[in-house]
Amino acid sequence: MENVLRPLIVIGGSLVVTLLVGWLVDLLLRRADQRHHQVPLWGLLRRCRLPLQFVMCAALLRGSYDQAKLTKEHSAGVGQLLTLVLIGSTAWLLVRIATAIVESSYSRYAHAHRDPARVRRVRTQVALIQRVVSAIVGVVAVAAMLLTFPAMRAAGASLLASAGILGIVAGVAAQSTLANMFAGFQIAFGDMVRLGDTVVVNGEWGTVDEITLTFLTVRTWDERRFTMPVSYFTSQPFENWSRGGVQMTGTVFFHLDHSAPVEEMRNKLRDILRECSAWDGRDYGLAVTDSTPSTMEVRALVTAKDADDVWTVRVTVREQMLRWLTVHHPYALPRVNTADAILPPGTASQNGTENHRPRARGRAVEPPRTGRG
């Protein structure tokens, strides 16, 4: 009877204590979150309940398993397994706690500052710091797990003796990876590009959707994703439309006939912008910027609060202006002018008079016939 009750008491007691402590911790965190709802840390720490229970259960079982006197021939293997579970769950708990602290800090900063550029900068740095902490904890946990095996501890001395050679080999083999990692830190703390920035890379316009230690993802306007190494942004030129402010100025070009009513187009541009909700009201203008023998180039200038709105304003102005010109001033649209060739002044015919009759180029003019056949 004792052989049956002892394992039940040890294992059951460990599970009961684990569930009770987990419930008590969650209750305390929930009450703290209700009292201090302006501090999101307590609510975020509630995500640590499951890894905390794993840590407590593994620790209790590891410390009391020998007292259960169950499967004595496999006690070493079970103890090794519980040790591995304890190390892994501890690493899981540390990552959850670090994530809660980082997210809480970012949330408080975002509520305290209204500058979108500064908020995106801190968000980028926080995301990279969180990934670095998770990577470090994971590496340390794996190393601790390996050191629990006697064979790995014996090999540790020989590995440390050749650490210099291994470091050189690893550095050469992972040169591109290390370059991307250092470029990720440079992007995060150098404020070159941030999450949510509008960029133009290789002629593609999009928004920075994700930044990691090794790659960066740009989401284009048509929902495509460009994944590129972060080292690209430290070695190649690119456009960052969100750098220094989100307000933008856009242009719309029209190629029209020389007789186009420019002054009336200015008035129409003003009316279009007044009805366009995406226009921020800062500035607008219309001017003739170039001319060719057959057309002239007219540029409309508009402003908006960000890149998305400036795109909306541009397409709205282009569509409504062309429609208005087509309906009210069709002569202003570009057209191809054709005319008969005329001889230069001073060219005389055989009878001594100037020939003002048009002549076709490239073929002779047949004299008129006076009869049939």
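These questions and answers walk through a predicted model of one protein chain.

Visitor: How many helices and strands are in the protein chain?
Guide: Start with the overall build. The protein chain has 373 residues, and buried residues make up 31% of them. Its secondary structure comes to 11 helices and 8 strands.

Visitor: Among contacts between residues at least 6 apart in sequence, what share joins residues at least 24 apart?
Guide: Take the contacts in the protein chain between residues at least 6 apart in sequence. Then keep those that join residues at least 24 apart. That share is 63%.

Visitor: Is Ser89 buried or exposed?
Guide: Ser89 lies in helix H4, residues 75–112. Leaving aside neighbours within four places in sequence, Ser89 is in contact with Pro51, Phe54 and Val55. Buried means under 20% relative accessible area. Ser89 has 4% relative accessibility, so it counts as buried.

Visitor: Which element gives the largest share of the largest nonpolar core?
Guide: The largest nonpolar core has 29 residues, and Phe254 and Leu269 are among those with the most contacts inside it. Strands S6, S7 and S8 and helices H10 and H11 give two or more residues each. The largest share is 7 residues, and it comes from H11.

Visitor: Leaving aside neighbours within four places in sequence, which residues is Leu269 in contact with?
Guide: Leu269 is one of the residues with the most contacts inside the largest nonpolar core. Neighbours within four places in sequence are set aside here. That leaves Tyr284, Gly285, Leu286, Ala300, Val302, Val317 and Met321.

Visitor: How many residues are in the other core, the one with Leu195 and Val218?
Guide: This core lies apart from the largest one. Val230 and Tyr232 are also among its residues. Its count is 13 residues.

Visitor: Which element gives the largest share of the lining of the largest pocket?
Guide: The largest pocket holds about 220 Å³ of space. Its lining has 17 residues, and Gly196, Thr198, Thr207, Ala307 and Asp308 are the closest to its centre. Strands S2 and S3 and helix H11 each give two or more residues to the lining. The largest share, 3 residues, comes from S2.

Visitor: How many polar residues are in the lining of the second largest pocket?
Guide: This pocket has a volume of about 190 Å³. Among the residues that line it are Trp205, Trp221, Asp308 and Arg314. H11 supplies the largest share, 5 residues. By class, the lining has 6 nonpolar residues, 3 charged residues and no polar residues.

Conventions
Residues are numbered from 1 along each chain as its sequence is written. This is a predicted model: local features need pLDDT of at least 70, side-chain atom pairs count only at pLDDT 80 or more; totals for chains, interfaces and linings use all residues. Side-chain values use heavy atoms; hydrogens and water are left out. Helices (H or I, at least four residues) and strands (E, at least two) are DSSP runs, numbered from the N terminus. Buried means under 20% relative accessible area, exposed over 50%, partly exposed in between (1.4 Å probe, protein chains only). Contact means heavy atoms within 4.5 Å. A nonpolar core is a set of buried Ala, Val, Leu, Ile, Met, Phe, Trp, Tyr and Cys residues joined through side-chain atoms within 4.5 Å. On a 1 Å grid over the protein atoms alone, a cavity is a set of points where a 1.4 Å probe fits but cannot get out, and a pocket is an open set with protein on both sides within 12 Å along at least five of seven lines; lining residues have an atom within 4 Å of a point. Grid points are joined across faces, edges and corners, and a volume is the space filled by probe spheres set on the points. Ala, Val, Leu, Ile, Met, Phe, Trp, Tyr, Cys and Pro count as nonpolar, Asp, Glu, Lys and Arg as charged, and the others, Gly among them, as polar.
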